[in-house]
Amino acid sequence: MCGIVGYVGQRSCTDVLMDGLSRLEYRGYDSAGIAVFENGIIKVAKSKGRLKDLADKMDREGRLEGHAGIGHTRWATHGEPSDRNSHPHGGGSVTIVHNGIIENYKRLKDFLLSKGRTFESDTDTEVVAQLLDYYYQATPGDPVKAIIKTMKELEGSYALGVVFADFPDTVFALRKESPLIVGLGEGESFIASDVTAILQYTRDYYLLEPNEIAVLSKDGAKVYDLHYQEIKKERKTADWDVSAAEKGGYPHFMIKEIHEQPVAVKTTIAPRITDGMPDLSECGITPERLREFHAINVVACGTAMHAGMVGKYVIEKLAKVPVNVDIASEFRYREPLVGEGDLVIIISQSGETADSLAAMRLAKELGAKTLAIVNAKGSSIAREADMLIYTHAGPEIAVASTKAYMVQIAVMYLFAFELALAKGVIDEAECRRLTALLQETPAQIEQVLADKELTQKIAAELITADSLLYIGRGLDYALSMEGSLKLKEISYIHSESYAAGELKHGTISLITENMPVIAVATQKRLYEKTISNVKEVKARGAKVVLICREGCCPDQDVADHVFQIPNFDDLLMPMIAVVPLQLIAYYTAVLKGTDVDKPRNLAKSVTVE
Ligand code: AGP
């Protein structure tokens with residue numbers, strides 16, 4: 001996720017861009033840059049690091065002065081955070097800033113290379129800049145025509161701010177999936193990824209829809225479709241305060257981030273799939289290397305550790321390699337038996353969790369190879385690991401992790417598919433089938449997100465409980481751990497997760513009518529077994545919420561609420577079934593009136609032991 005701002009008018013463009021970017025820094029902050037028309041010529045200033053680093057650079061090297069331009073704050077997807085990979089990127093007469101991901105950039109880059117074009121960065125964005133210029137050279141004088149031709153070639157999600165050297169008083173914008181608004185002021189126009197960036201100048205804006213192109217001048221904005229027909233847009237007026245706007249209109253970052261999950265999954269997996277097959281070679285993971293490992297340890301904390309639990313079930317089932325999951329603070333002090341020939345996977349959103357970092361250093365000392373699955377670019381765990389897979393969830397602001405968990409498990413699936421293939425346990429056809437299923441999960445997640453009424457109703461009944469139990473078997477057990485943690489950390493209601501088959505060995509004595517039970521039963525093979533356990537708790541008075549697949553028809557009196565999720569492949573069910581668990585936790589916390597995004601006693605990144 002990145003932030004885009006653009007301006008054309010009478011004010012100092014640099015002031016407007018830098019101010020707007022500061023309000024979008026939550027969208028990404030590993031590098032920043034601006035392009036401004038100075039005396040009719042495009043000048044660029046960009047820097048790795050925070051916006052402050054860009055401001056310092058301009059203080060040292062000279063500030064750009066002009067009245068039209070574009071700006072960007074970045075959360076790296078293609079290419080490490082560096083000055084070279086920072087936006088804006090240029091291609092001949094075109095300079096652009098980009099939010100999103102171009103899935104077919106490799107093919108487009110090959111095409112442009114064959115036309116003699118050269119590239120300065122590792123980004124997918126530069127490919128778009130070059131393609132725009134390529135088409136513009138074919139129809140000089142008509143940027144919109146070049147934009148339309150380019151959009152027809154691009155696959156993926158994107159929002160772009162564009163300037164053409166031949167049009168010094170004009171800013172162009174276009175989008176598909178990634179958000180972009182066009183701000184309308186008196187004698188000035190803006191673009192922004194989020195209305196927050198321009199609220200202090202104007203509250204009037206157009207919402208740019210997918211496949212629309214905006215042409216901005218100081219006198220206003222015109223919007224075109226892909227047939228070059230002008231579209232009459234409805235002018236909207238923002239009535240949010242600035243902090244609400246940063247949340248894109250959602251009341252909390254947590255619910256916004258829950259909604260970002262389908263895009264986060266696409267953005268994370270798309271660059272790691274080539275011709276329908278998992279391809280982690282860019283992350284240093286090759287079939288030859290994978291064949292060297294005899295055992296795997298996953299080490300992490302909290303939610304990231306729960307993602308590791310899902311990984312354990314999936315890797316063992318598919319690749320037949322033993323996987324041990326450890327809490328990092330335990331691993332580092334228990335003299336673990338790992339060494340040469342072992343792989344230790346460290347999962348972390350922040351990449352700075354003290355115990356996970358220490359565990360990784362220990363694993364390296366012991367001779368194991370380490371693979372980090374990390375969201376924050378350039379973080380300590382990312383820098384020190386032998387191999388690295390970045391998740392592309394974008395910045396996660398809410399302390400309760402949701403979208404980071406989702407992409408962590410998405411990566412675990414890709415890894416398991418590639419490992420199983422490398423070990424010869426599955427063949428290419430099966431690997432292709434599984435990869436295609438993974439690509440379908442964003443649509444399934446969308447479907448669950450479309451109707452929240454039942455989760456709200458369930459939450460309303462949970463707020464009076466003092467304690468809850470989450471139960472499941474196999475992958476559903478791994479998932480109930482995450483459901484339970486989510487609920488307790490933000491609603492402050494005590495809860496435990498239990499392997500459903502283990503209840504009878506002690507814990508069932510806790511069951512009364514005051515102990516609600518959330519049962520997860522999405523696995524076909526284990527469904528009847530879990531339902532038997534559900535009947536046992538129901539018979540002892542528990543209120544039961546059952547999460548199962550569509551088409552399952554439990555007896556009417558088995559559960560008080562049945563939440564049915566789309567009928568999908570057993571193995572991939574956690575990616576879909578986690579959504580109602582997140583929503584139940586969220587709405588329970590909202591109804592209890594807790595500080596959802598910043599729950600008491602917790603920090604987003606735990607950098608101390
Ligand atoms: C989950 O909602 C948490 N807030 C917490 O458990 C978190 O997952 C854990 O602290 C690990 O953080 P990391 O992913 O940044 O390493």
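How far is an oxygen atom of the ligand from an N or O atom in the side chain of threonine 353? I found 2.4 Å, counting as a polar contact any pair of N or O atoms within 3.5 Å.

**Basis.** I worked on a predicted model, in which local features need pLDDT of at least 70, side-chain atom pairs count only at pLDDT 80 or more, and totals for chains, interfaces and linings use all residues. Residues are numbered from 1 along each chain as its sequence is written, and side-chain values use heavy atoms, without hydrogens and water.

Glutamine 349 places a backbone N or O atom 2.6 Å from a ligand oxygen, and a polar backbone atom of valine 399 lies 2.9 Å from a ligand nitrogen. Alone, the ligand exposes 420 Å², of which the protein buries 90% (Shrake-Rupley method, 1.4 Å probe).

**Shell.** I noted 14 residues around the ligand, each with a heavy atom within 4 Å of it; Ser348, Gln349, Ser350, Thr353 and Glu489 come nearest. Because domain 2 (253–448) and domain 3 (453–592) both contribute to this shell, the ligand lies between them; the bounds come from an automatic or database domain assignment. Helices α10 (302–319) and α17 (475–491) each give at least two shell residues (DSSP runs of H or I, at least four residues; strands are E, at least two).

**Sheet.** I traced an open, antiparallel sheet of seven strands in the order β5-β6-β7-β8-β12-β13-β14, where pairing requires at least two DSSP bridges between strands. Its edges are β5 (89–91) and β14 (230–231). Nine bridges join β6 (94–102) to β7 (156–164), and isoleucine 96 has valine 162 of β7 as its bridge partner.

Note on methods
A polar contact is a pair of N or O atoms within 3.5 Å; within protein, one must be able to donate a hydrogen and the other to accept it, and residues adjacent in sequence count only if both atoms are side-chain atoms.
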